[in-house]
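Please take a moment with the sequence and the structure before reading on. The paragraphs that follow lead through a few places in the chain, one after another.

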Amino acid sequence: MSKFLTESGISTEDAIALHRAHLSKGRSQLAAMFGGLVEQSASGSRVTTTDGQEFLNCGGYGVFFAGAGHPRIVAAVQRQVEKQALSTRLFLDPEVGRAAQALTSVAPAGLDRVHFSGSGTEATETAVKLARAHGKRRLISMENGYHGKTAGALSLTANSFYQDPFRPLLPDVVHVPFGDPGVLAEALGSGGGDACVVLEPVQSEAGVIVPPPGYLKEVAALCREHNAFLVVDEVMTGLGRLGAWWGCDLAQVRPDVLLIGKALSGGVVPVSAALATQEAFAPFDSDPFLHTSTYSGAPIAMAAARATVEVIRDEGLVDRAAETGARLLEALRAIATAQAPGLVREVRGAGLLIGIELVDASQAGELLLELVDRHVVVNHSLNAHPVVRLTPPAVITPDEEARLLEAVDGALSAMARKF
């Protein structure tokens, strides 16, 4: 491997060695499989490595909806860092109030209470604790759903691979098939109004599973019928990813709690949130110390969150996601049919959340490598290894769209000759 120096004077070999020595040997092995590339900078839809290569970033697990390093978001964070990066947590901080106001202004009506945290899994923990504070101790999530990996959230993430090393997890958790309201109704009917239902509008880590039309609305109706608490996890899908501000908007559903993350960071500062109705939020209203975190509502994160909402709104990124996503989905389906009908089972998605399902996981891994060779970054799906997932930013340009499609066309064509 050639030796390139990073801005801090560390070679790519040293970067891999540091991961191996202090972080994860498995992560360093994965990096080596992708050529030992080390990221140096990112802007918009592009990421640049220390050896000067530029990649189109259609990965990042949905974080870069507004692109990387958006000037308005970076400027907002820089201003806040210079003024006050963190707060005392004793006096009131105006930035958290402004961020909450911005976020609730684009949220489904009635979700006007906010608890900020640092990651999607923390937002899930907030929702679980709110549900329990209301006596909803029986948790129902969906098979192959993904809600995070802290202990409470992991109880809802329906994958034994991630769960088994850490059992016992939370008690009274069941998983039902996604898209089947009948089985959910049976699960809800087995209790006495003590249930909390948690689900995604579109299952992302399950391989971009889009439910049947009307499904989320049926779930909401069942929750009302059985006096169950409803949590909709939009950590991946919210803030425009599906071509609407929220999957809840598409379904005309208002949950008790809505979870937000990924795109809320603006690709600059990690931040997540749980939005709740006034009734659902009541336990936290009565005692401000019941559920806290030192970095909840940190001023620098709040500057990023508020600026991100404003950028998405002012630049029309939600509509752009809908229009671009529709074009890409149609084009990708045509490419798969033309180049690799025996390898691709299905191309599916909503907005700028798109999944390409291969026949098996090894072929999905090969597609990842082929795309990296063509300077495009995508992700695999944690709960569905045969599915390669594309989450392009809404700021992707027409030229970059063409570059993405050309790369997929070439990658699938090359794979068709191999398999």
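This is a predicted model: local features need pLDDT of at least 70, side-chain atom pairs count only at pLDDT 80 or more; totals for chains, interfaces and linings use all residues.

Val208 counts as buried because its relative accessibility is 0%, where buried means under 20%.

Gln252 also has a positive phi, near 55°, although this residue is not glycine, and its place is in the loop between helix 10 (247-251) and strand 9 (257-260). Is Gln252 buried or exposed? Gln252 has a relative accessible area of 63%, and because exposed means over 50%, Gln252 is exposed.

A further backbone feature is found at Pro168, which is joined to Arg167 by a cis peptide bond with omega at about 5°; Pro168 sits in the loop between helix 7 (160-163) and strand 6 (173-176).

Cys58, finally, belongs to the loop between strand 3 (54-57) and helix 3 (71-83), and is buried, with a relative accessible area of 0%. Leaving aside neighbours within four places in sequence, Cys58 is in contact with Val377, Val378, Arg389, Leu390, Thr391, Pro392 and Leu404. By comparison, Asp93 is 35 residues from Cys58 along the chain, and the C-alpha atoms of these two residues are separated by 35 Å.

Key. Residues are numbered from 1 along each chain as its sequence is written. Side-chain values use heavy atoms; hydrogens and water are left out. Helices (H or I, at least four residues) and strands (E, at least two) are DSSP runs, numbered from the N terminus. Buried means under 20% relative accessible area, exposed over 50%, partly exposed in between (1.4 Å probe, protein chains only). Contact means heavy atoms within 4.5 Å.
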